[in-house]
Amino acid sequence: MNRGAALFLCLMLSGCGTAAPETAEQTAEKPVYSLTQGTLDLSFFVNPVAPAETAPPSENPLYHTQITSADGVILAKLQNGEWNVTEEGESCRGFLESIFPDAIVGPEITNVLRISMEKEEQCAQILQKAGIEGCVIVSDPQGQIDMICNNPPDVNYAAAQNFNGSTAKILISAAMLDHGTEEQYDDPGFYDPGWHRYYNHDTTVPYAAAVTRSLKDAFTVSSNAYFMHAACELLTHGEMKETYNRYFGYNVFGSAQSGYYYPGDWMQIPQPDWDSIADSTFERGKSAIGLSDQVMITPLYLNAVTMAIASDGMYQMNVRQDSAVRKLTEAQAIPEEMKQRLWENMDSCAAYTNKNIFSSMKDDGYQFYIKTGTADTHYGENNEKYLKRLLLTGFLTKDGQPVKIITMYCHNGAVTSFGSGSGMAQYYKEIAQLMLE
């Protein structure tokens, strides 16, 4: 820096050099200013300034979208971009919330369900009378859903994965017939797939002498030992998967990475990954009696499996009134001989579990085909809490032709007086009669 620049910088900072003397004008007395008398108006700083009024936005026609029942009851409305359940829709809130994400939205669109709210309310009364916390699903032989009733209504038991108890014996019976396994078995009353001994429901000790059982007999009395033996010793993991995929679309839709599902209107029914138990004989044995927590299924899917046995194949589960019937080409129809064997097993089970109730409609040409299920489980920090889940799935025929597939699930069986799935027979029959009206 040159000498001139340094001197200039020093003067500018006024801390360097000598200040110039004040002039006469500068030494004269400076005026003092004061506020004018009165109150100073500061309202501009404290009072909000109202914006100019603008015209209200025009109503978006998308907000007119609704979901209604088959009998015209409005169950939910799309308002301000959000679904709001109506007072009438509260009776099926859990189910409605499962279909909101995929409900069709557009100007003046009304999504009409196949479900009748009148019958829905009557079904709810049956469940409440019985003290059942759970659900009922009713469909026709082509997958059209006529009823999804949850109690309480804000819990969607129908679409939640759960233990399916001995109704799993429908699946493994199909696998045995499909692969031609040995059907005779000397049942000792228990089976140990590893880590734990599982007894048949009629005993807590081994039988005094083994009971020779056929597939039909084992299915009828729901022998745990018979079907665990089949899953662990007669069938491989791959053979079971092959049957489940071939006839029931078990792990056909989706992938292990993205998740498996079963097709459904406004819902993708969640499916377990069968390969998750590929290396566990213990879990495969438990799956045969519906007690593996790694391959739990939903009551909705159980209804679809039952429908495949009643009907001519697998169908998409539809809940919309305008949905066309769609037979799933990804799954094969069960061969006629094999289907006949499964019908015989379910007919025998209906007669064994509650003959008086399930035969009471025969004079009108109706016949029940049934499988019961009980899943005893414990939970809590020390497994101190007991939960008994009860199931009843089957179909009703009229003059030999299937008309209704009905699946009933009781989540709180431990606190009811049913004892087993067959204890729900009277209520199951009442629901069948309701749906036939």
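# Reading a fold, step by step

Reader: How many bridges join strand β2 (residues 74-79) to β3?

Author: Four bridges hold β2 and β3 together, and the two strands run antiparallel. Strands here are DSSP runs of E with at least two residues, helices are runs of H or I with at least four, and both are numbered from the N terminus. Two strands pair if DSSP finds at least two bridges between them. To see one place in this pairing, look at Ala 76, which stands opposite Val 85 in β3.

Reader: Before we go on, what kind of model is this?

Author: This is a predicted model, where local features need pLDDT of at least 70 and side-chain atom pairs count only at pLDDT 80 or more, while totals for chains, interfaces and linings use all residues. Residues are numbered from 1 along each chain as its sequence is written, and side-chain values use heavy atoms, with hydrogens and water left out.

Reader: In which order do the strands of the sheet with β2 and β3 lie?

Author: The order is β3-β2-β1-β4, an open sheet of four strands with mixed pairing. At its edges are β3 (82-85) and β4 (110-112), each of which pairs on one side only. From one strand to the next, the twist averages 20°.

Reader: What is the pairing in the sheet that holds β11, β12 and β13?

Author: That open sheet has three strands in the order β11-β12-β13, and the pairing is antiparallel. The edge strands are β11 (254-255) and β13 (267-271).

Reader: Are α5 and α13 roughly parallel or roughly antiparallel to each other?

Author: Angles under 35 degrees count as roughly parallel, over 145 as roughly antiparallel, 65 to 115 as roughly perpendicular and the rest as oblique. The axes of α5 (residues 117-130) and α13 (residues 425-436) come within 11 Å and cross at roughly 170°, so the two helices are roughly antiparallel. On the α5 side, the residues making the contact include Cys 123 and Ile 126, and on the α13 side Ile 431 and Leu 434 are among them. The contact residues divide into seven nonpolar, one polar and three charged. Here Ala, Val, Leu, Ile, Met, Phe, Trp, Tyr, Cys and Pro count as nonpolar, Asp, Glu, Lys and Arg as charged, and the others, Gly among them, as polar.

Reader: Is Leu 342 buried or exposed?

Author: Buried means under 20% relative accessible area, exposed over 50%, and partly exposed in between (1.4 Å probe, protein chains only). Leu 342, in helix α12 (residues 336-358), has a relative accessible area of 2% and is therefore buried. Not counting residues up to four places away in sequence, Leu 342 touches several residues, including Ile 170, Leu 177 and Ile 309. Along the chain, Leu 342 and Ile 170 are 172 residues apart, yet 7.8 Å separates their C-alpha atoms. Ser 348 is also placed in α12; at 18%, Ser 348 is buried.

Reader: Where are Trp 266 and Asp 399 found?

Author: Trp 266 sits in the loop between β12 and β13, and Asp 399 in the loop between β15 (385-398) and β16 (401-410). Phi is positive in Trp 266, near 70°, and in Asp 399, about 55°, though neither residue is a glycine. With 6% relative accessibility, Trp 266 counts as buried, whereas Asp 399, with 60%, counts as exposed.

Reader: Which residues does a cis peptide bond join?

Author: Asn 151 and Pro 152, with omega about 5°. Look for Pro 152 in the loop between β6 (145-151) and α6 (169-179).

Reader: How many helices and strands does the protein have?

Author: There are 13 helices and 16 strands. Of the 437 residues, 51% count as buried.

Technical notes:
Axes are lines fitted to C-alpha atoms, for helices over the stretch in contact, and angles run from 0 to 180 degrees between N-to-C directions. Contact means heavy atoms within 4.5 Å.
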